[in-house]
Amino acid sequence: MSHMQNLYLLVPLAPLLGAIAAGLFGNILGRKWSHRITIALVAVSFAASVAIFKDVMAGHQFNGTVYKWMTSGDASFEVGFLIDRLTVMMMLVVTFVSLMVHIYTIGYMEEDPGYQRFFSYISLFTFSMLMLVMANNFMQLFFGWEAVGLVSYLLIGFWFKRETAIYANLKAFLVNRVGDFGFLLGIALILMVFGTLDYAAVFANAGRYVNDFAPIPGVSWNLITAICILLFIGAMGKSAQFPLHVWLPDSMEGPTPISALIHAATMVTAGIFMVARMSPLFELSETALSFVMIIGAITALFMGFLGIIQNDIKRVVAYSTLSQLGYMTVALGASAYSVAVFHLMTHAFFKALLFLAAGSVIMAMHHDQDIRNMGGLRKYMPITWITSLIGSLALIGTPFFSGFYSKDSIIEAVEYSHLPVSGIAYAAVLAGVFVTAFYSFRMYFLVFHGEERFGKDHHDHQGDHDDEEVASDHHHGLAPGQKPHESPWVVTVPLILLAVPSVLIGLVAIEPMLFGNYFLDAIYVGENHRVLDEMHEEFHGAIAMALHSFISLPFMFALAGVVSAWYFYMKKPSIPAAIKQRFTGVYTLLDNKYYFDIFNDWFFAGGARGTSRFLWKFGDVHLIDGVMVNGTAKLVGRFSGVLRKAQTGYVYHYAFAMITGVFVLLTVRTWFE
Amino acid sequence: MIFGFHLLSVAIWLPILFGILVMATGNDRNAAMARYLALAGSILGFLVTIPLYTGFDRMASGMQFVEIHNWIPRFNIHYHLGVDGISMLFILLNSFFTPLVVIAGWQVIEKRVAQYMAAFLIMSGIINGVFASLDAVLFYVFWEAMLIPMFVIIGVWGGPNRVYAAIKFFLYTLLGSLLMLVALLYLYNQSGGSFEILEYHQMMIPMTAQILLFIAFFMAFSVKVPMFPVHTWLPDAHVEAPTGGSVILAAIMLKVGAYGFLRFSMPIAPDASHSLSGAMIALSLIAVVYIGLVALTQSDMKKLVAYSSISHMGFVTLGFFIFNAYGIEGALIQMVSHGFISGALFLCIGVLYDRVHSRQIVDYGGVANKMPVFAAFFMLFAMANSGLPGTSGFVGEFMVIMGAVKANFWYAFLAATTLVFGAAYTLWMYKRVIFGPVANDHVAHLHDINLREKVILSILAIAVLVAGLYPLPLGEVLHTSVNDLLVHMARSKL
């Protein structure tokens with residue numbers, strides 16, 4: 001057993017070592033050795049994860065302490081691992097996608113002066129994410145939670161000269177902190193009530209508090225509901241759920257490999273993972289579950305709409321990520337935790353694939369990201385084209401593809417859910433299928449098919465780029481007459497390796513993960529929330545499910561979405577413009593992203609700055625320093641000024657005062673006698 | 001044990017002795033000698049305090065390394081030294097910082113080098129005396145003596161407005177201290193002629209007297225911490241102080257005030273502490289929220305960090321007055337951590353100031369282009385200041401928030417806003433100073449930190465990370481003392 005424990009340690013520590021090597025000694029190691037070392041160590045981490053997966057499947061789970069972090073009062077805070085099937089699945093996804101992204105980075109960041117720094121960051125991210133998923137207690141969870149936030153901050157602002165990037169990374173960090181604010185309070189409530197932060201102990205005792213009120217003076221909230229909603233606020237920040245979603249689209253300012261790794265496949269799904277992990281708590285509060293479901297439904301549908309009008313290739317994928325995270329959240333609300341985690345896994349593969357493919361396109365377009373300037377790329381970059389198509393088909397839920405199994409299961413689970421809000425949520429996720437198909441294939445057609453719109457002279461600079469330029473400006477584009485070409489093998493190989501699970505993983509994994517006993521110990525579902533059991537009755541194998549779906553509603557919606565995208569953007573490109581003209585109001589609303597950014601900038605950022613200035617000028621400068629401190633000094637000064645007048649220096653003044661004094665004292669004395 | 005049982009005396013007098021020696025090197029012709037002598041003295045001063053930690057008995061209640069001699073027998077005044085888990089940590093922290101400020105002033109201070117170095121060494125000894133004193137008069141003497149070197153440091157090596165700042169600092173803190181003297185004399189009378197602080201802890205005191213004592217001590221300590229609304233001297237003092245002065249001021253001097261609450265106010269007047277805790281908590285939360293907001297729009301980097309200090313010290317006083325182990329231990333760890341972090345941030349600002357001679361945020365921008373190594377250090381400390389887990393800044397805040405929930409959920413709610421505000425003011429400053437394209441010629445001509453600066457910042461970076469990743473060694477020495485304090489506080493003294 002002890003060699004397994006060493007293996008557990010190896011999984012997070014190997015990437016950490018890589019991060020330290022490339023970060024502190026990057027200049028000594030040089031580019032080649034920096035990427036060799038970090039990639040090798042992430043590969044070690046992946047291999048160890050595979051070995052652990054086998055071991056866990058053989059029935060060996062682990063829950064133990066690595067070291068004691070702190071003790072205080074009667075509580076002990078520890079760093080420890082919980083290795084069960086949920087953890088090990090996340091470990092596999094994280095290390096595999098991370099490995100792909102590491103390799104891909106060699107090609108994508110080739111010309112960047114911050115090459116070693118980038119490798120250090122993504123390795124550090126891998127470490128942090130692994131610590132998050134492997135945690136066996138809330139303290140370490142928060143630890144990993146914030147650490148991935150830090151690396152996300154560093155990577156969004158990787159090109160720190162660009163004003164938009166450093167705006168986006170600050171925004172991302174602060175919005176996440178708003179979520180963490182709730183998260184930390186939730187953790188504090190848990191510690192207060194349970195006296196421990198250990199998962200196992202908390203989950204085992206949660207049932208005892210079902211009918212308790214939260215120890216919050218002034219309100220009478222159910223304890224478990226309060227805890228769950230506070231924790232979920234953390235998830236809303238990290239997994240970019242409405243209304244804390246605003247940071248994710250802007251995070252696309254970071255280099256594309258991290259958009260794939262952090263802002264699509266892994267970090268943003270931490271919230272989903274967390275809620276699934278907390279299933280024994282969430283199951284005790286239908287209020288919290290309803291809240292989760294409605295937030296997810298809003299995110300799934302309304303973020304999808306925004307994807308339709310984006311012209312930046314990465315932003316389309318970003319909004320699609322938001323929408324898909326909404327789907328996962330809806331599944332959590334429906335108590336279909338395993339379905340949410342299943343979609344998390346399939347999504348990690350196909351969304352990482354879509355992002356990396358988008359990155360490949362961006363390289364070919366010499367860092368022009370506007371899909372209106374692309375078109376017809378399938379001729380020039382066949383591998384990127386095919387893998388993108390696979391990713392898009394998986395995303396929209398084409399039968400037999402991985403996304404189909406997970407997304408269809410979510411829709412079904414919502415249908416079976418008994419929560420009062422499940423009707424609205426069902427409508428939202430169903431409508432979302434059409435929207436997803438529409439924006440995905442709008443992008444696909446505009447990029448890979450139709451007229452070649454690149455190389456027009458809408459750019460005044462030459463196609464060749466030197467290091468500084470790439471780092472400081474994204475928008476280059478091809479020179480007139482220049483043709484795009486397929487990316488090097490370090491880019492295409494990860495695409496192919498990600499395309500394989502994007503197709504196959506759903507078919508293989510649906511039965512054990514949803515209907516088998518894969519998550520038996522890791523996820524708990526209450527008696528009256530067993531939607532999966534109802535689904536199981538309808539389930540007759542993965543193949544049958546796919547065949548059966550050709551006459552189902554979601555498939556019709558998806559097909560309608562693809563066809564309309566084709567019709568609008570290939571057949572009759574005049575239609576979108578006409579619609580835009582007709583519905584200016586709606587278009588403006590979407591173009592401004594429902595005015596969230598403007599409102600936040602004005603109300604929260606502006607409001608905080610205004611309050612700050614007022615408090616400082618009025619409170620500190622005027623009231624405390626002006627009136628109290630200097631006022632006291634002035635008062636003393638004035639008082640002493642009066643006294644000073646008495647000290648004239650004339651002997652007869654003093655003599656007069658003395659005589660008066662003596663006279664007064666004598667009078668007083670005689671008076672009292 | 002080389003020094004037998006006189007470790008505390010050595011910790012106090014060795015730096016002072018070296019300070020006098022350094023001063024004896026005279027004028028700036030012997031500057032090099034003064035520097036090396038000061039470095040040797042400060043390092044030695046730190047080394048002698050290490051046995052305090054290693055030889056400390058974690059399980060034992062009461063004071064350790066006790067020394068007691070008659071001093072002024074006529075008034076029953078003793079030279080009485082001793083430490084418990086609480087004060088021992090701060091002697092270490094203080095002695096740890098002295099070599100750092102000596103190195104920080106190595107090249108920057110060119111005039112009156114000997115006097116500058118001597119002031120820091122002497123102050124280091126005096127502050128150790130404050131933490132080690134168990135006799136009220138001895139404590140008071142050290143407490144007031146501490147002001148003199150700092151007054152001189154600000155007044156002589158400070159910025160253009162140094163005289164105003166030095167006097168404001170001096171009067172503000174002196175005024176508070178005088179009431180403490182009254183309180184000590186009252187206790188002397190009531191105890192039948194004793195200046196033993198530990199005896200005061202055991203005295204029965206009626207409620208009115210407790211309240212008055214509490215207020216008198218509060219006047220002295222709240223100014224030093226500083227708590228809202230007596231905090232306005234700190235930003236001015238920081239802005240005018242030289243880098244080393246700011247470092248010691250933020251890292252050590254503020255802790256002396258907070259320490260006073262634990263050594264005097266709470267154990268001597270526990271009933272008053274309980275009945276006034278509402279007000280103390282309110283002031284602490286105002287410090288966290290109000291000052292956190294005020295920090296946001298500061299245009300001077302030092303002012304910003306000064307306000308951030310006040311906000312972080314709000315956590316300390318909050319932790320004290322919720323009366324549970326998480327709160328008090330969290331507060332103590334927050335004090336140590338704030339020492340590392342604010343010290344490091346002031347050193348970082350010093351690094352920039354030495355090159356550009358401006359502390360205004362607008363005068364910078366894009367520093368990362370020219371000083372990548374510095375930017376990395378600054379990033380670490382900025383994140384630590386935002387309370388990122390894995391750095392020491394997280395530990396104290398986390399524990400105080402955990403403790404505050406126990407007292408009242410809404411305390412924790414308000415305190416936790418620092419997650420957002422703390423990150424906002426720190427990272428917004430970082431963004432404007434470090435990120436972006438090169439903003440002007442001054443920035444274009446910057447050169448990255450040299451070996452000397454790298455050494456100082458590396459030492460602090462390691463301290464911040466180690467204390468964040470493995471705070472247990474800090475916590476372990478506190479448990480017995482904090483537990484005893486809590487047990488003591490739970491007993492009424494009416």
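This short talk walks through a helix pair, a serine and some cysteines in a predicted model. Residues are numbered from 1 along each chain as its sequence is written, and local features here need pLDDT of at least 70, while side-chain atom pairs count only at pLDDT 80 or more.

Let me begin with the two chains. Helix H6 of chain A, residues 163-194, packs against helix H18 of chain B, residues 392-407, at an angle of about 60°, with the axes 9 Å apart; helices here are DSSP runs of H or I with at least four residues. That angle makes H6(A) oblique to H18(B), because angles under 35 degrees count as roughly parallel, over 145 as roughly antiparallel, 65 to 115 as roughly perpendicular and the rest as oblique. Among the residues that make the contact (heavy atoms within 4.5 Å) are A:Leu184 and A:Ile187 from H6(A), together with B:Phe398 and B:Ile401 from H18(B).

Now to the serine: is A:Ser406 buried or exposed? A:Ser406 is buried, because its relative accessible area is 0%, and buried means under 20% relative accessible area, exposed over 50%, and partly exposed in between, with a 1.4 Å probe and protein chains only. A:Ser406 sits in helix H17 of chain A, residues 402-416, and a polar atom of its side chain lies 3.3 Å from the backbone oxygen of A:Gly403. Leaving aside residues up to four places away in sequence, A:Ser406 touches A:Val339, A:Phe342, A:His343 and A:Thr346.

Finally, the cysteines: A:Cys228 counts as buried because its relative accessibility is 0%, and B:Cys348 counts as buried at 0%. A search of the whole structure finds 0 disulfides over all chains, a disulfide being a pair of cysteine sulfur atoms within 2.5 Å.

How values were computed:
Chains lettered and ligands numbered in written order. Heavy atoms only, no water. Helix = DSSP H or I, 4+ residues; strand = E, 2+ residues; numbered from the N terminus. Polar contact = N/O pair within 3.5 Å; in protein donor to acceptor, adjacent residues only side chain to side chain. Axes fitted to C-alpha atoms, helices over the stretch in contact; angles between N-to-C directions.
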